[in-house]
Structures are given as structure tokens and as C-alpha cells.
Amino acid sequence: METMFGIAVDGVAYGMILFIISVGLSVTLGLMRVVNLAHGAFAMVGGYVASYAAQTAGLPYGVALVVAVALTVLAALPLERLLYRRIYGSANELAQVLLTIGLTFVIVAGINYLFGPTLKRIPLPELLTGTVELGPKAIPTHRAFVIGAGAATLLGLWWLLERTDFGIRLRAAVDDPAMAAALGIRTERLYLATFALGTGLAALGGVLGAELLPLEPYYAIRYIVLFLAVVAVGGAGSIFGSAAAALALGIVDTAGKYLIPNFGEFFFYAALILILFRWPHGFFKGRAA
Amino acid sequence: MPTDPGGKSPGSLEVADLRAGYGKTLILDGISFSVPAGGRLALLGRNGVGKTTTLATLVGQTTRHGGGIRLDGVELGGMSSSARAAAGLGYVPQTRDIFKSLTVEENLVTGLKGRPRCALEEAYTLFPRLGERRRNGGGDLSGGEQQMLSVARALLGKPTVLLLDEPLEGLAPVICDTLMAALSGLDMTVVLVEQQVDRALEFADRVVFLDRGRVVHAGPAAQARTDTALLERHLGVVLAA
Amino acid sequence: MTALLEVEGLSKNFGGLQVASDLSMTLKAGDRCALIGPNGAGKTTFVNLVTGVIPPSAGTIRLDGRDVTRLPAAERVRLGLIRSFQVARLFKSMTVREHLELAVLQRDRRTFRLFATVARTAGLADEVAELLGSMGLTPVAHTAVGSLAYGQQRLLEIALALAMKPKVLILDEPAAGVPHSESQRILDAIDRLPEDLAVLMIEHDMDLVFRFARTIVVLAQGRLLCSGTAKEIAADPRVREVYLGSRTNAH
Amino acid sequence: MTSVAERDGKGGAMTGHPPLAARRELDWIGIPLIAAAGLAAYWLLPDDLALLTRIAASALFVLSLDLVLGYGGIATLGQAAMFGTGAYAAGIVAVNWNNDPFAMLAVGGLAGGLLALVTGALILHARGLTLLMLTIAVGQIVQEVANKARDWTGGSDGLSGIDPAPVLGMFRFDMFGHTSYLFALAVLVVGLVVARRIVRSPFGLACRGVKEDPLRISAIGGSPKAYLVVLYAVAGVFAGVAGALTAVTSGIVGLDSTGFSWSAEALVMLVLGGTGRLYGAVIGTAAFMGVHHVLAANDPYHWMAFIGLFLIGIVLFLPGGIVSGVERLGRLRRGKEGGA
Amino acid sequence: ATIKVGVVAPFSGPYGVVGKTFREAIEIYQAEHGKTIGNDTVEFIYKDLDQANPAQSKALSQELIVKEKVSFLAGYFFTPDALAVAPLIDEANIPCVIFNAATSAITEKSPRYVRTSFTLWQNTVPLAEYMAKQGIRKAVSAVSDYGPGIDGETAFKTTFEKHGGTVVDTIRMPMKSTDFAPFMQRIKDSGAEAVYAFLPAGPPTLAFAKAFNDTGLKAAGIKFFGPGDLTQEPDLPALGDAALGITTFFNYSRAHDSAKNKAFLAKHQEMFGSTDTVTFSSVGAYDGVHVIYQMIRNGGGKIDGAKAVDSVKGMSWESPRGPLTIDPDSRHVTQTIYLRTVEKVDGKLENVEKEAFPNQPDYGYKLGK
Ligand SMILES: Nc1ncnc2c1ncn2[C@@H]1O[C@H](COP(=O)(O)OP(=O)(O)OP(=O)(O)O)[C@@H](O)[C@H]1O
Ligand SMILES: Nc1ncnc2c1ncn2[C@@H]1O[C@H](COP(=O)(O)OP(=O)(O)OP(=O)(O)O)[C@@H](O)[C@H]1O
Ligand SMILES: [Mg+2]
Ligand SMILES: [Mg+2]
């Protein structure tokens, strides 16, 4: 019983971190239909900016977080104008893959050049170190904080995308850009805004998840499969789906590692196959075809 | 005619020597016509002569190679599609172009152009069918329902010029009646492309015939209706008495 | 004559919505039947049920005496139950010719030949040429379908259906998007079909319906409203009310 | 009534689709051209046979990816599963039983084909992102199995000690790589010829149909999944042979040969060259590995940035891959000749 | 004449820093000892192999031999990459000096391999003996699930149990693990007093060390031991205070207190502006170059692979890490293994050596298959 509880708590804690670093991809991939393999790169850039802001410039954690998100978004906007804009549309999937891989390579090389190949960290404030007791389990305070942040992100996004005209217009613009434009929807600005949202979320995830996925130049490539798994299981574009998927995968992974550590990896991917077999469109039927 | 004489209602459309196509392929080879504010123009012609292309060019979905499009004296040619919509164009494409992943209601919301949500009732009054299906996915609708949705979506934005590409296709005859009646009651400029020539001519006050990307005849609709030779020549059809 | 298609008690609901309730109908060899009804009456759904695109909630479907209710769509096609789509559904980057080649090869189950050559498949070229000719598509044989005018795509839809040598042919609004001047071509093609097959057509263009149909079935709100000859239907006040409106006349 | 066909005939000719015809032509001279270029490289770059051999073997692998992706529309990032399985199978057979290179190729192809057949039947009902993820998962599981079966595969140390017998009992695989290269080139050319045959067969036509619209295929009586599974299995044979070829020519198989990054790299090479054209696979592979080799030799630290920029440039200025650029050139020239 | 040495190592990619340390060490050695020996100039040619990829390793090495006509091969970070060249170096009769790859079995595969790094067995045997001597009876091993990890596990289990201890659980962690909390829970639940852990240097070590602290294992008094990859110097700043007090066994620490090491560090500081990257792979390469120079000297300008290797068997010298001897049988360096603890030295985290275990051979040579 205690074991189960332990697995559940650790699993949820891990799952929420997975959610927060993957949900940005769900936005770009599911809502904008851009197979943005550079998602990890944006997360990494966010993390590095935060690391730099906190360690070298000595800003407090919260400020560093905001600066990181803002700067990453600012840096990504020209990329949207110059590169992404040309590859929107599902006919371009392969071009998207190629372009975003290329972009990832460039960012990896750039980060490597600027910050060197060694691991970087974002120092945590006093407040977020230590542990919180949860019955017989102790979980790190930082993770509890991430869980909270994840929940807030979840609700905020859901409201934005499902309950506002912005969400409707965005989905319309993705569904059929030409018709949306003919209805007076300014698709370009909408894409720009959504792209900014996606990158902002990536950066947020990069910063908050840095304790688990340490920052180094290869971050951008190392974890992309993990992000894709969450989005695929959740159903691309579904915010609740991503959350459910992240939690499910977090728990599966934790259970596998705890119960049969020697076959942990095997267990994780076998579970992934089973889940996708049962829900071929993800938990919450994805928007991307 | 419903337009009040000297009325200031906007919506005069002027198309001059329009040349356009898809990429490098030229389909429209110098098309000119004009519709006064509140006027109704039927744009007719055989299969593949460029009717759809003409409307698509007006809303900015093709490659324009030359010529001008003026709405109340303002040149639209260089504007983006969305800016033209903001300037007052409304469009019902031949392929309907429903947002398949949005619900019926969400589809209608995209057409509101800033009007309050309660305006949606107008659409449901015109097509009660849509009201019944408002929570359905747009892609799940039947062919005719999609057509209604497409028309309703365009009407909700209260355009000054409405461009209709075969709006009756796939609609049951009774619904065609309803729709044509509703369109007749509207106070806006309309350009109509339609295969049901009799209904189109009944509705319009002027008619333009296209062939291979050119205007081959322009004149009053009433005259065309009775001119069987004209119809035979440009459409290959004979209207039932 | 033998019943080619027998549908009994067919029902379907999407969530709470009853789109087909207890539909029964029989098509015999030589039948030329039109299915009409208001928008959203369930005509396309009926076709989808019969052809196996969606599973029914209840009811049975028999093709040539054989129960096909549980058979997958492709299997029914192989048994000769062919449809065309309401909205043209074609392979955009393939040429007109390739479409017909594929259909004929598929019909003859020659598509799993990995090391044969399409161009040298016996008899294929002739049959395809004939099909192209019958729909007036010969001049565009080598055009990719994506750049065809919509009307021509519709004609290709029909040609594809014919290529399958159907026993039962279901045409969902075959003339939608085809101008009146050309819908005759479709009727001509149907007229040339062998007498021993059954054709069911869904169409909102009453001119076409009255010219084509020997019998008409009217659907409304997922139910059978009535059926009969063109004259009877045109005169039926219920049909006038829910569907035809006041303008339409039978010729 | 005027004949519609006549008018539309004109329209048809206007909007006619030259790429297809152009593609066919190039496709025919493509294979002899590749064979000739391969032989020329043998004489011109005798010191670089190690690289050339790897390019040839990799091109065969990328070709297998082209079959599934370019002709079947199967988005996969797990093609290396078949490559690795073929390589391990060939290696294990060579180490334990029979080290004849042809036997190794046969075993590799068989293993790759079988794995593809089984996993394909399991996962090919899915589409898009889901399918992508499933292929990745299969790849990861295969890698994990290879890692765990240390006794057979050497685990993470790699399966070493593969010493293939001389080709036809005459040509030894020496360190200068003459035999390796010519052998690999020959296998690649045979692979191209077979692939070309398949692509132009009725089966290939059906697969193109499935790629565009699987539902429409079932509406003419075909089973999209059956086509895809067979195609996947056929491509699995190609990938398995490519893996075995790598085992033959390098004498070692590592876990990386089943890995995600190898699959991803193949995808990059394919898209670079151009999908849906067989020789695009070869050109893409040669371009990518060649550029990598040159850049990595000159500046091993930052080749990545260059490769990245190269990829971006391709997407922006040469969508459709290098081959589409070649075709465009070809068409331009033909156009001029026609005009003259 | 020019004598060429081909170096195959990761210069780009996730392990690019390794290549960098190799190159720096080589340049330092050449700066100290000159580029010429007699009339010969020694030239190093670098080939980038960004990840474990034996087929590519073989192709690159083949190119070095055939095209560049190198007389030595060197480098090799990953075991499979090193193993891949065995048939090549035998056919071409070229010595191959391994700067890192740490699986014991490598040098068994060809008589032309010489290795100047370390093996898991070499580090782990003194570690396990030490744990047993400390009175620890129950321990857990947690290693990354790949060749070296399994070497470490076997070495630990064999040695620790030989000295009376019990290994209550052996955990093999997937290489791609990012979250280590479940493993920590399992270690906690096993009731062990101490844990032996091995992960290859890189991002996971950080998450692992953090998890060890955060999940309260440290607080629960469970002792931590492992080879020094976990606290390699370049990662220490990122580990931060979480690393304080971690005890590891290793062959080299940047903080090693000897004149030779000080000189090495000074030269590094002078040439590259800092010593941040200096770590075990630096000395692996530095000593490897020393061996290569010696082989060239012994051959008097003529290099015959087999003879060159023979000529350095039994060779001893003082390295920045301490005294080294090439074991004539295994051709692997016998060296001192140190017990170190992470401490702050002048505000910088360092592995401070606490005890030395001299003359440790590769216990794993010819043990496996
Ligand atoms: N996307 C496209 N790319 C290239 N050519 C096109 C495209 N769409 C249409 N065409 C061509 O443009 C010409 C005019 O087409 P258009 O759709 O404007 O005709 P239409 O008059 O609307 O015909 P219909 O009555 O069939 O709707 C046709 O020859 C058609 O083949
Ligand atoms: N997948 C679905 N989910 C929910 N409702 C559906 C679905 N498919 C169809 N419907 C509904 O079922 C009803 C019948 O649709 P169907 O397409 O059969 O109509 P139809 O008779 O073909 O109409 P039309 O003449 O307009 O094409 C419609 O109201 C439609 O909204
Ligand atoms: Mg049209
Ligand atoms: Mg319908």
C-alpha cells in the first residue's frame, strides 16, 4: 500500500514536470500543426537565460523566470517571421521536420559556443529547497511548486483556448487559413501570438524542469522523444489530454523503475505502445489529423 | 429593386481589367464589371470558365497579375485577404470551407466580425437546422447543412458586398426557396454565381457571362431571362418555361 | 427479377441523434431509384451504412442474397457494391489515367503484384481508354487531378465507380458542381450501363431526378416518408411540404 | 451543345503536369548515372573508400525509408529498428555459423522484413503523430532488447569479431576497402533496380493511392492497411539488407544502429534529397554524409551549425529536396530547347 | 619525416567536451615536450565521432590509416568504438592507445591496444574493499544499464561479498532515465546502509545526485560510494552544494597534490585561460601521448606496431595523477586509486583526496568472456 502511494506521489510529481515542459509542444504541434522539433531548443534557451540571469546577473529566481520567458519569446518572434511562416500547413510536414531540426542544430551549436558544453544550473531560492511531507512520503518542495505551476498553466490554457474568441479564431485559422482570412481573421498575427505562446511555454518548462532535465547544449535533442510521447498520448492540441498523458506516463515510468528497474525502459515503451493501441488518437482525440 | 435611389448605403464594387490565376497560370484574362451599391449581379458561365476564380480573386485568394478592384472607391487589390474582409467583403466559397474541427456555433462565431454573440440567433432563425446542430462538429454536418452554415457564417458579418459561389448546391428545393427569399430581403450588394440559372436570373438585376476568363456578355438580367439564344450560346441550357 | 440489395430495419444514432430509424428498402436488377429528402434527412448516412463506412446500430444489409452487415467496406466493394462521393474524393497528385488504372487493377485484384509493370498489364490500357472516352476525360488523361476544374473531378468520380463494374451503384449527388449543360453526360453514362445492375442516386437537382428515376424514395428525419413513381412523388403534398417547395414540377 | 471536352482539353494541356513525366525520365537515367558516378568515385577517390562504403550502405537504408515514407506516406522515426535487426542478425550468423557475405545479406533482409511485417501489422492502423510515436517506441524496444541480450549482441559494447569470408571466395575484405566499396555499390544498385520495379508496379500505384487517401482506397475495394503492411515489410527487407551490408563492410554492429538518432538522420538525408524519388535517397545521403565529412574534418567543433544552416537553406530555397532542384533545372533546359 | 597520430574522439555532440579535453592535453604535452623527436615531427590528426558508433569509428580509423597514413591511432571514448578497430590495427600493424574507453575486455581483443585511462574494476575493487572495512554489511548497487555499468556492478558484488558484505539489491537504471526518485525510493526500501552507484559522466549524474539529496536518502544516513565519473570536475559547478560530501573512488582529481599536477594545471591555465575542463579524460590523453612519444623514441623513428607496443610494456613514469606502470600482460596502466570527498576549496568545489590505494591493476582483465 505504501509502495503504491509512493509510486503515485512520485509519478504525479514527475508527470507534472513532463506536462509543463511538453504542453508548449502540444500548442505548436496540435494547434498550429507545426511539427516543431525545435521545441526542446526553445526550452533550453529559456533555461540558459534563466541560469545566466540568476547565476551571473544575480537576479532572484522569480525575476529570472520572467526574464527567461520574455527573452525567449522575443528571440523566437523573428524566427516565426523569417522561417516558420513559410512552412505552416500540414502539406509541409516534412519541411517542418527538416527546418526545425536544422534550427535545433544551429541553436545547439550556438549555445555550445556561448555557454560551453558543461552542465548549467539555475540556483533555487531558499523557499524552494528542502522537502514537503505528504503522509509517509517526502517530495522536494521544488516539485510541489512545479505541480502548482502546472495546474495553473493547465487551467489558464484551457480557458484561453476553449473559452475565448481567441481560441476559436486560432483553431479556425489552423483548420483553413485561406477561409479564415476571407472571414477577416488576421491569421498572421494570430499565428505569431500562438507561436509566442508556444515558445513561452517551452521556456517556462525549460526553467521549471531544469532540476530534472539538466541544462546542457544537447538538451534540445536529448528529450524531444519524451515531449513527443506526451503530446501523442494526450492527443495533439488537447491541453487536458497533455496533462492526462503526462501524468499517466509519469506514473507508468515511475512504477516501471520502482518495480522492475532492470526493464524500466522496456516497460515504458511497451506501455506507450499499448496506450496508443487503445487510444490511437490520444486520450483526448487530437486536433491534428 | 430595394436600393433606395440616392441612398448612401455603401457597397459599390468596381472591377477593372482584372487578370489573375494560380501561380503563373493565368485564368482570368482581363475582366471588368461593376455593381452599384445594393446592386445584384449574377455571374454565369460554363464549367471551368473562371467564375470561382473571379470571386476568389476578389477576396484575395489567387495570384493577381493586374487590374483593379475598387470597393466604394477604395482599391482592394493590394490588401490582404483579411483586410478585404474588414473592408466589407463577405464570401461563400463553392467548396463551403467549413472549419471541420470547430463546432457549428464556433464556426458561426468566426463570422461575427466583432458583433456580439447574441447575433448568432439570426443564423438560427434563418436556418433552424443549424440551431438544432449547434454543438455538432462542423465536419459531421450533412452536405446541405454545411452549405447553410457557410452562407450563415458569411451573412453574420453583415458584409457590404456578399460574394456567393453556388450557394444553392446541395440544398433541398424548399431550402433554396427560403434562402433566395432571405437573400432578396437583404440590403447589400451581391455577386452571385449559380448553376440554377432561372433562380439566379430571377434574383439578379444584372448579369455577366464569362467564357475562358473573359466577359462575353453583360446586360440586364430580365432581358437575359427571355433571350433563349443568349442562354443557349453562353450556357448551353434552355430554361424551362 | 432478383433483389440485389436488401436493407431491413436499418438504424443509426450518433449520440442521442437518431439519423436513421428502421429503414428498409430493396433494389432489384435494373432498378433506377432516386433517394431524395431534406438536408440532413440521413441520405448520406444511409449510403455510409449500406457501404460499410460506418456500422449500423441495428438492421441487416444483404447484397445478392448474402448478409454483408458485418463485412468491412472494402469487402463489400469487392462484391460489387460501389459508391461515388458527395464531395469529390480523389488522389490529388495522381493523374486521371492513374486513377482509372488503379481502379481497374484493384477490381481485378492485381494490385499485389510487386514486380509487374502497370504499363504492360494486359488489357488495362484499352479498358482505361474506353472509360476515359465515355466521360470525355481523354484530353485530360495525363493531368494531375489537383488542377482539374471541379466539374471534371465529378466526372472522374463517376468514371471510377463505373470502372469497378458494379452490381449496385450508389451515386451521392453525382451532379453537384456539374453544370446543367454537362449533367447530361452523366445521365448518358448511366443509360449505357448494363440493364442488370441497380442504381441508386441521391440528388437535389429535380430535373435530373425526374429524368433518371423510375422510382423515388423520400427520406425525412431519418425515416422513410414515402416512395413511388416520379409522378406520384411530385404530386404528394407531404413531399412538397418538407422537400420540394412550390416551384418544382415533374416533367 | 459545344463539346466541353475540347475546351477543357486546352485547359488540361495548360495545367498539364510535366513534373511527373520529367520525373520518369530522370528516374530512368538515374540508376545508370548513380552506378557510373559510384564507379567514378572509386577511381577518383581511392583513399576515401571507407566513407564511400558507408555512404552506399546508408543510401540503401535511406532508400528503404523512401519506400515507406515517399511511396506509402508512413511517417516513421523507427526505421533503424529494421536496419539494426538486419545488422545484428547478419552479425550473429556470421560470428556463430556462416560468414559468407551473401548469406549475411539474406539473413539480414529476412530478419528486417520479418520484424517489419510483425510490427507493421501491429502499428500501421495508426496515422500521423501516433504512428510516428509507435515507430519510435518499437525502435526503442528493439534497442533495449539488443542491449539486454548481451550474450548474443555484446550489449552496449557492440557485436565485434564479424569477419566476413571473401566475396565469391576470391575478394577479401581488406582494410583498403576496395572489396567493401564495390560490394556495397553493387548491392545498392541492385536495390535501386528492385525498388524502381516495385514502385512502378501495380502495387506501387496502389501504395501511392493509400498515401494520398486511404479511405478512398477502401472505397474502391482495397485494404489500405494490407498495402501498408506489405510495403513496410518490403522496406524492412531493404533496411535489413542495408544493416547486414554495414555489418559485412564494417565488421561490427553497435547499439546505435537501432537507435532513434539513426532513424532521424536517415529522415533528414531523405528529405534533403527529395522524397518519393528513389534516387533522391542516394543523392541526399551522399550530400549529407559528404558535407558532414568535409565540415567535420575542417572544424569538428562546429559542423553542427553548418549542417543546421544547410538544412534550413534547403527548406527555404529548395523545397522538395536537392532532386527537385535538379528536376527544375532539367525542365528549364527542356523549356528553352522547346522554345528555340 | 612526419609521424602522424590519428585521434578519434567526440569533438562535437553531447560528449564534445571529451574531445576538447583530449585536444587540450595533447597540446599541453606538445608544448612541454616539443613537437619533434629526433628528426621526426609528431602531428596529431583529429576525427570527430560524436557518439558511440562503431561502424563510423572503423570507417574513420580506416581513413586515417589509408589516406592519412598515420602510425598510431589514439583517443576512443566509448568501448564499442575502441573495439571496432581491433581487426584494423592488427591488419595494418599499428598501435592503438586508448585514452578513455573503460571496459576491461578491450585490450584482450588485440595485442596492439595500450590503455592509459582506467577500468571500472580498477576503481571498484578498492572501493568495495574499503566499504567492507568500514563495517558496512548491507549495500545496494545502482548502475547505468550498459557495459561499464554492468562491469561495475559485477566488480562491486564480487569484491564486496568476498569481504563478507551482502548486496541486497542490484538496480540497473536505464541510460535515458531523467527522474531518479523511484530508484531512490527502492534504495531506501532495501534497508541497505550504503549504496554503490555508477553513472557515466553527463546530465543524468546531476539529476541523480540531486535526487539522492532531495528524497532524503542522505538525511536517512545512507552512505554513498561510487567511481568518480559522478563528480567529474566540469560538472561540479552545476551540481553545486548538492555534491558536498559525496565520496568517490577514482584515478585522478584535479585537486591532486603533486608538483607534476600543479605544473600540468599551470600550463593548462596558461594555454587555455582556465582549468575548468580538466578532468580524468585530460590525464588519460596526456599520459597516452607520453606513451606514444616513448614508443616513437624506442623505435628510433621506425614504427612497427607490435614492436612499439612491446617496447613500452612495463614502462613506469610519474603522471599528474601519480605513479603509473604499463602492465606487460594487460597493457593497461596500473595506478593509484584515491578516495576523495567533494569539498569547497577556495570557494570552488573539488574532489579532495583522502586516502590512496596504490598499485591497482585492472582486476577485470581476462575475467569476462
Ligand atoms: N488550384 C488550381 N490550380 C490550377 N488551376 C486551377 C485551380 N483551380 C482551378 N483551376 C483552373 O482554373 C480554371 C477555372 O476554374 P474555376 O474554378 O474558376 O471555374 P468555374 O467557372 O468556377 O467552374 P465550375 O463551374 O466548375 O465551378 C479551370 O480550367 C481550372 O482547371
Ligand atoms: N458523425 C456524425 N456525428 C453526428 N451527427 C452526424 C454525423 N454524421 C451525420 N450527422 C448528422 O446526421 C444527419 C444526417 O446527415 P446526412 O449526411 O446523412 O444527411 P443527408 O440526407 O445526406 O443531407 P444532405 O442532403 O444535406 O447531404 C445530419 O443532421 C448530420 O448533422
Ligand atoms: Mg466554380
Ligand atoms: Mg448528403
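How many residues does the contact take from chain D and from chain C? In this predicted model, in which residues are numbered from 1 along each chain as its sequence is written and chains are lettered from A and ligands numbered from 1 in the order in which they are written, local features need pLDDT of at least 70 and side-chain atom pairs count only at pLDDT 80 or more, while totals for chains, interfaces and linings use all residues. Side-chain values use heavy atoms, with hydrogens and water left out.

The contact takes 36 residues from chain D and 41 residues from chain C, where contact means heavy atoms within 4.5 Å. Between them, chain D and chain C bury about 3,500 Å², 62% of it on carbon and sulfur atoms; buried area is here the accessible area (1.4 Å probe) that two parts lose on being put together, summed over both. On the chain D side, Pro202(D), Arg216(D) and Ile220(D) lose the most area to chain C, and together they account for 20% of what that side buries. Arg216(D) also takes part in a salt bridge, its side chain meeting that of Glu157(C) at 3.3 Å, N to O, and the count of salt bridges between chain D and chain C is 2, a salt bridge being a side-chain nitrogen of Lys or Arg within 4 Å of a carboxyl oxygen of Asp or Glu.

Polar contacts between chain D and chain C number 13 residue pairs, with both residues at pLDDT 80 or more. A polar contact is a pair of N or O atoms within 3.5 Å; within protein, one must be able to donate a hydrogen and the other to accept it, and residues adjacent in sequence count only if both atoms are side-chain atoms. The elements of chain D that each supply at least two residues of the side touching chain C include helix H1 (4-15), helix H2 (18-44), helix H8 (178-199) and helix H11 (224-250), and H9(D) gives the most to that side, with 7 residues. Helices (H or I, at least four residues) and strands (E, at least two) are DSSP runs, numbered from the N terminus. By class, the side of chain D that touches chain C has 18 nonpolar, 10 polar and 8 charged residues, where Ala, Val, Leu, Ile, Met, Phe, Trp, Tyr, Cys and Pro count as nonpolar, Asp, Glu, Lys and Arg as charged, and the others, Gly among them, as polar.

In the interface of chain A and chain E, 27 residues of chain A are in contact with 31 residues of chain E. Chain A and chain E bury about 2,700 Å² between them, with 59% of it on carbon and sulfur atoms, and Leu119(A), Lys257(A) and Tyr258(A) supply 24% of the area that chain A buries against chain E, more than any other three residues. The rule finds 3 salt bridges across this interface; in one of the pairs found in salt bridges, the side chains of Asp179(E) and Arg143(A) meet at 2.7 Å, N to O. The count of residue pairs in polar contact between chain A and chain E is 9, both residues being at pLDDT 80 or more. Helix H1 (2-31), strand E2 (137-140), helix H11 (239-259) and helix H12 (264-278) of chain A each supply at least two residues of the side that touches chain E, and the largest share, 4 residues, comes from H11(A). The residues of that side divide into 12 nonpolar, 5 polar and 10 charged.

Ligand 1 lies between chains B and C and is surrounded by 17 residues, the closest being Asn47(B), Gly48(B), Lys51(B), Thr52(B) and Thr53(B); a residue is near a molecule or strand if one of its heavy atoms lies within 4 Å of it. A polar side-chain atom of Thr52(B) lies 2.5 Å from an oxygen atom of ligand 1, and an oxygen atom of the ligand is 2.9 Å from a polar backbone atom of Lys51(B). Taken alone, ligand 1 exposes 630 Å², of which the protein buries 83%.

Ligand 2 also lies between chains B and C, and 22 residues surround ligand 2. A polar side-chain atom of Ser142(B) lies 2.7 Å from an oxygen atom of ligand 2. Taken alone, ligand 2 exposes 640 Å², and the protein buries 90% of that; accessible areas come from the Shrake-Rupley method with a 1.4 Å probe, and for residues only the protein chains shown count as cover.
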